[in-house]
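Here are some notes for a colleague who has the model open alongside the text. The points can be taken in any order, and each one stands on its own.

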Amino acid sequence: MTTPHPRIARSTLINLAGLLIPTLVSLATVPLYLRWIGEVRYGVLLLAFSLLGYFGAFDLGLGRAVAQRIARQENDEERNRTFWTAFLLSAGMGILGGIILFFLGHWLFSDIFQMPIMLHAEAQKAIPWLAAIVPLIALISVLAGTLEARQAFVSLNVSQIIGVIGLQTLPLLSVALGRGSIAALIAAALVGRLMGVIVMFCLTARKLPFSGWPALHRAEIGPLLRFGGWVSVSGAVTPLLTIIDRLIIGAQLGAASVTAYTVPFNLSQRLTYLPYALSTTLFPRFSQAEGEDAKGLLRQAVTVLTAIQTPFIVLAILLIHPFLILWIGATLAAKMAPVAIILLLGIWINGPAYIPYAYMPAQGRPDLMTKFYLVELVPFLLILWVLIAWLGIMGAALAWAIRSSSDAIFCFAATGTTRTYWRAIGLTFIPIIAAALMTFATQSFILLSSIGSVILASSLGISYYLLPKALRVRIAFWRKPLLFPHFSE
């Protein structure tokens, strides 16, 4: 039986808040970007940020390795040896990654990505600033992993909020001050990232806490790199699986199509916040738990997460087109809404897989998911290339949904929770598909709202049925709800 942990629900909500606050800022800033710098220039900016996502692999997987290792260590001296070794290794690799991006970026922005000739010079001038962000991303990974291991989720989210908001808003401030070139936008983003790193470093100094002088400890290098090596390979492959769609769209269809795809992609990814928040909370606990305790926590988390996320995804599918019309206008909404719906279906399938995805490395098996990524990489790239050529940005969304579904199936098969997953996902299938068909079939808001209300109500009923009995009792008696009945006082 799982040990009572009332902090799990609270920590998950803290992590969720840390993701939602930057989302509100993003909802406010995207229309401003489109209005102030245009769809094409914004697409180039998104391509630049997509490249940064790939070069985040240069942390050698040390962020996840630090989180797993420090969660198991029992004294400050051991934790400091692990932290400083990982921090210095990550800094060195981040600098190397920045140098590689400096040279690679010139080629990509001049010869590969389609954009107006007048933007080529701007993009070239932005490359040094873009390369300078890579070491910061590597350091953020180790700092965040340390705070996660210490379960300092308030500190983790405060520092991440500051960094992400700085990344989103300082480029707009640059435009408002009359400096709207791509180089100026990237330089402002660098300042925003640096703000987040400084705050995160100071909070880590308190929560670890720091002791002794920074040094590489030979005894720590091997365990960190052995664990982080698989995570690092995954970190190199995962961006190919997650951002290559935008790079191929940029090469095949142009920067404007990158915007038309990336805006609904980023918007739909907000529905992954709950799975991500819960998996982040559970990772240090999975690292500490063993045997049936860990398995019981895994199975229960999968069921509860599926139940909770389904009504939100149903609501998102029903409202995505009207929301996009209000947010960015009818013309762009018509292009983006079908893409968003396909992506939301992929998130519904893949969302519960965040739990076994965290469980495997926490239990010392970071290699499992990495090996699967390596197997699926080439087939996915082929499918992606063909579908984009055939269906444009809709094809990219469909390829992403196919890959996400295959990832989920593997995660549950590898952790022995396939039966738990299929039971939960099977029960929620009807309202999800009904919502998607309803949205594609009608443009009438009155009809959508009336029938959609019935679909949403049915999804709520099914989700309530899926919840563990103890939690249903709490809801019935209007008591304070928790994500897990085990974790009540």
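In which loop is Pro 209 found?

1. Pro 209 is found in the loop between H7 and helix H8, the latter spanning 218-242. Since the model is a predicted one, the backbone at this place deserves a look: a cis peptide bond joins Leu 208 and Pro 209, with omega at about -15 degrees. As background, most peptide bonds are trans.

2. Most residues other than glycine have a negative phi. Gln 151 lies in the loop between H5 and helix H6 (153-176), and its relative accessible area of 15% is under the 20% limit, so Gln 151 is buried.

3. The residues that line the second largest cavity are Val 44, Ala 48, Phe 109, Ala 123, Ala 126, Ile 127, Leu 130, Ile 182 and Ile 186. Two or more residues of this lining are given by each of helix H2 (38-55), helix H5 (117-149) and helix H7 (182-207), and H5 gives the most, with 4 residues. What is the make-up of the lining of the second largest cavity by class? The lining has 9 nonpolar residues, with no polar and no charged residues.

4. Helix H2 also holds Gly 43, which at 0% relative accessibility counts as buried. The C-alpha atom of Gly 43 is separated by 5.4 Å from that of Val 258, although the two residues are 215 residues apart along the chain.

5. Val 175 has its place in helix H6 and is buried, with a relative accessible area of 16%; its C-alpha atom and that of Tyr 33, 142 residues apart along the chain, are separated by 9.0 Å. Arg 10, found in helix H1 (residues 7-36), counts as partly exposed at 47% relative accessibility, and 9.4 Å separates its C-alpha atom from that of Thr 281, which is 271 residues apart from Arg 10 along the chain.

6. Turning to aromatic side chains, a search of the whole structure finds 18 aromatic pairs. How do the rings of Phe 102 and Phe 103 pair? Their centres are 5.2 Å apart and their planes stand at 90 degrees, so the pair is edge-to-face, given that planes over 60 degrees apart fall in that class. Phe 102 is partly exposed, with a relative accessible area of 30%, whereas Phe 103 is exposed, with a relative accessible area of 57%. Elsewhere in the model, one aromatic cluster is formed by Phe 83, Trp 84, Phe 87, Phe 201 and Phe 210.

7. The charged end of Arg 246 sits over the ring of Phe 265, at 4.3 Å from the ring centre, and the charged end of Arg 403 sits over the ring of Phe 380, at 5.6 Å from the ring centre.

8. A last point concerns cysteines. A disulfide is a covalent bond between the sulfur atoms of two cysteines. With a cut-off of 2.5 Å between the sulfur atoms, the count in this model comes to 0 disulfides. Is Cys 411 buried or exposed? Cys 411 is buried, because its relative accessible area of 2% is under the 20% limit. Cys 202, by contrast, counts as partly exposed at 45% relative accessibility.

How values were computed: Residues are numbered from 1 along each chain as its sequence is written. This is a predicted model: local features need pLDDT of at least 70, side-chain atom pairs count only at pLDDT 80 or more; totals for chains, interfaces and linings use all residues. Side-chain values use heavy atoms; hydrogens and water are left out. On a 1 Å grid over the protein atoms alone, a cavity is a set of points where a 1.4 Å probe fits but cannot get out, and a pocket is an open set with protein on both sides within 12 Å along at least five of seven lines; lining residues have an atom within 4 Å of a point. Ala, Val, Leu, Ile, Met, Phe, Trp, Tyr, Cys and Pro count as nonpolar, Asp, Glu, Lys and Arg as charged, and the others, Gly among them, as polar. Rings of Phe, Tyr and Trp (its six-membered ring) pair if their centres lie within 6.5 Å; planes under 30 degrees apart count as stacked, over 60 as edge-to-face and the rest as tilted. Buried means under 20% relative accessible area, exposed over 50%, partly exposed in between (1.4 Å probe, protein chains only). A charge sits over a ring if NZ of Lys or CZ of Arg is within 6 Å of the ring centre and within 35 degrees of the ring normal.
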